[in-house]
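Thanks for coming. I have one structure to go through today, so please look at the sequence and the model on the screen.

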Amino acid sequence: MSELRALVAEELSLPVDPRVSACAEAIAAKHGAASRAVLFYGSCLRQKQLDGLMLDFYLIVSDYREAYDKRWLAVANRLIPPNVFYFEHRGLVAKYAVLTEADFFRLCGPETSSVSVWARFAQPSRLVWAADKEARKRAIEAVARAAPTLLAAAGPGERKTPLDWWRRAFALTYSAELRAERKEKGASVVDIDRDRYERFSAPAIAAIPRTLPSQPGWAWRRMEGKALSVARLAKASLTFAGGAEYIAWKINRHAGTNIELKPWQRRHPLLAGISLLPRLLKSGAVR
């Protein structure tokens, strides 16, 4: 695990656009003393031109109640983690998810059947803000759990190379969420950054625990993951400024559709999300 942790620490410390760091600092400042770390992840990591894109962050906090001035937000975050919020800073547009340090550590590990967090942090990310050395250390330890969890959950299958194992793993995790991306996305995640996954392969495989908690199969993960995705979308329509517009934007961007919201859908984002779901599933825009 020490070799993998060193690779993760090195990757998390790689530099980013100063505007990304400033945005992360502003997100942390919004939640005050509860803020512990901010991680930057997603497709924008590979982009030099950030204007017109939506940046993705995770804000790690010490306690949900301390992070919010409204009690219902803390309760919602605890019951269906994470909460997701819209954010703008100096011309950049972002969304950020909120987890406590304890939940982040747990959701990166094999004790949870939900793929959402460990599938994301098995991919590259950056630690763009930390409250102190201890917060940085805990973020590194949590992220280092993600890749072994991903590979263990997928199993090697009929792999010919370690990269095939990664491809299989991401394909399975993408199928276990309500995603707008096409089915080839799982393989492209690996192929776009082959050197990185080759470097991580041996340490990640070696770090797979010999004894793993009993977990359900992928049929159950898919049912659970899609149900959680719907619940999170519904919650995001309440916590996310322009929630319905964001859902339509994300689907159009990834699936090549041209969904236009009606006035009533803009006024009632929760109902809008529910009304869009059957069309999206039928068309294959999400799976």
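Of the 287 residues in this chain, 52% count as buried. This is a predicted model, so please hear every value as computed from predicted coordinates. The secondary structure comes to 15 helices and 5 strands. As for contacts with a separation of 6 or more, 71% of those in the chain are between residues 24 or more positions apart.

In soluble globular proteins, nonpolar side chains tend to be buried together. Here the largest nonpolar core has 76 residues, and those touching the most other members are Phe57, Phe104, Phe121 and Trp166. Helix H9, residues 162-175, gives the most to this core, with 7 residues.

Take Phe121 from that list. What is Phe121 in contact with, leaving aside neighbours within four places in sequence? The partners are Leu39, Tyr41, Tyr58, Phe104, Cys108, Val143 and Ala146.

Phe121 also turns up in the lining of the largest cavity, along with Leu4, Val8, Ala122, Val143, Ala144, Ala147, Arg196 and Phe200. Two elements give two or more residues to that lining: helix H1 (2-12) and helix H11 (194-206). The space inside is about 30 Å³, and a search of the whole structure finds 1 cavity of 30 Å³ or more.

Ala147, from that lining, is also one of the buried residues of helix H8. After H8 comes Gly155, with a positive phi near 75°.

Next, helix H2, which covers residues 18-30. H2 has 13 residues and reaches 19 Å from first C-alpha to last, close to the 18 Å expected at 1.5 Å a residue.

An α-helix has 3.6 residues a turn, so residues three or four places apart point the same way. The buried residues of H2 are Val20, Ala22, Cys23, Ala24, Ala26, Ile27 and Ala28. What do these buried residues pack against? They pack against strands S1 (35-41), S2 (54-61), S3 (83-89), S4 (92-100) and S5 (125-130).

The loop between H2 and S1 contains His31. Is His31 buried or exposed? Its relative accessible area is 8%, so His31 is buried, given a cut-off of under 20%. A polar atom of the His31 side chain lies 2.9 Å from the backbone oxygen of Ala67. Not counting residues up to four places away in sequence, His31 touches Leu59, Ala67, Tyr68 and Tyr96.

Last, Arg36, in strand S1. At 15% relative accessibility Arg36 falls under the 20% cut-off and therefore counts as buried. Its side chain makes a polar contact with the side chain of Glu101, at 3.3 Å. Beyond four places in sequence, Arg36 touches residues including Ile60, Val61, Ser62, Trp129 and Glu134, as well as Glu101 itself.

That is where I will stop. I am happy to go back to any part of the model.

Technical notes. Residues are numbered from 1 along each chain as its sequence is written. This is a predicted model: local features need pLDDT of at least 70, side-chain atom pairs count only at pLDDT 80 or more; totals for chains, interfaces and linings use all residues. Side-chain values use heavy atoms; hydrogens and water are left out. Helices (H or I, at least four residues) and strands (E, at least two) are DSSP runs, numbered from the N terminus. The expected span of a helix is 1.5 Å times one less than its number of residues. Buried means under 20% relative accessible area, exposed over 50%, partly exposed in between (1.4 Å probe, protein chains only). Contact means heavy atoms within 4.5 Å. A nonpolar core is a set of buried Ala, Val, Leu, Ile, Met, Phe, Trp, Tyr and Cys residues joined through side-chain atoms within 4.5 Å. On a 1 Å grid over the protein atoms alone, a cavity is a set of points where a 1.4 Å probe fits but cannot get out, and a pocket is an open set with protein on both sides within 12 Å along at least five of seven lines; lining residues have an atom within 4 Å of a point. Grid points are joined across faces, edges and corners, and a volume is the space filled by probe spheres set on the points. A polar contact is a pair of N or O atoms within 3.5 Å; within protein, one must be able to donate a hydrogen and the other to accept it, and residues adjacent in sequence count only if both atoms are side-chain atoms.
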